[in-house]
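Let's take a walk through this fold together. Have a look at the sequence and the model first, then read on.

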Amino acid sequence: FFEISVREPQKVGEGMGAFVTYRVVTRTNAPYFRKQNLSVSRRFSDFLGLHDKLVEKHLHVGRIVPPAPEKSVLGMTKIKMSKDELVTSEDFVERRRAALERFLQRTAMHPSLRVDPDFREFLELEAELPRASNTAALSGAGVFRLISRVGDSVSKITYKMDESDPWFEEKQQQIDNLDMQLRRLHGSLEYMVLQRRELSASTGAFAKSAAMLGNCEEHT
């Protein structure tokens, strides 16, 4: 049996160099593990590295590797800039923790993937795993480069507008005049509707009086 849980997300470091570690706890009676109870600390990039290794070895022979959670630049930037070391209350961290746990549990259910040496090493090696450069989360320098590129792109598509634009001012004046005329028309229509209502009420009263007068003449 396999019981795998991902828990205790913990922020390590400060600023844009900070990252989050997760405690991966495993209970199993599989004979190819040294112990039945395992507990290791892993970074998000370690999960991505495991996924890439499994895909490289198994996908070409038709074995489907469960998907790993997507990277989130905005979510991690918020965590990096936070002053709080306890990040368990962050919705982003909780969603990522649950996704990482689901990834490991689904991998452990596959008869070929769960005996893979890289998967076993991921669950039981207490030392830090070798870093894979292509799976590392976006660094602080990378974030600043991204912001710089966005700023350059915005600068290229923007231009300085002349504060005095005769055509725009003319159109604005026409719109203001039209708005004033429409307001006057609306007021006139409201007054007309009121007059029609009063006329209708007067006509009704006159008709009622005429009917009463007619009844009186019949009885005389």
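How many residues does helix α1 have, and how far does α1 reach from its first C-alpha to its last? Helix α1 covers residues 44–58, which makes 15 residues, and spans 21 Å, close to the 21 Å expected at 1.5 Å a residue. That expected span is 1.5 Å times one less than the number of residues in the helix.

Before going further, some ground rules. This is a predicted model, where local features need pLDDT of at least 70, side-chain atom pairs count only at pLDDT 80 or more, and totals for chains, interfaces and linings use all residues. Residues are numbered from 1 along each chain as its sequence is written, and side-chain values use heavy atoms, leaving out hydrogens and water.

Zooming out, the protein chain holds 6 helices and 3 strands (DSSP runs numbered from the N terminus: helices are H or I with at least four residues, strands are E with at least two). From the N terminus on, the order is β-β-β-α-α-α-α-α-α. Of its 220 residues, 28% are buried, meaning under 20% relative accessible area with a 1.4 Å probe, protein chains only.

Back to α1: its buried residues include Phe44, Phe47, Leu48, Leu50 and Leu54. The buried residues of α1 pack against β1 (2–12), β2 (19–28), β3 (37–43), α3 and α4 (117–124).

So what about α3? Helix α3 runs through residues 91–109 and reaches 27 Å, close to the 27 Å expected. Among its buried residues are Phe92, Arg96, Leu100, Phe103 and Thr107. An α-helix has 3.6 residues a turn, so residues three or four places apart point the same way.

Note on methods
Buried means under 20% relative accessible area, exposed over 50%, partly exposed in between (1.4 Å probe, protein chains only). Contact means heavy atoms within 4.5 Å.
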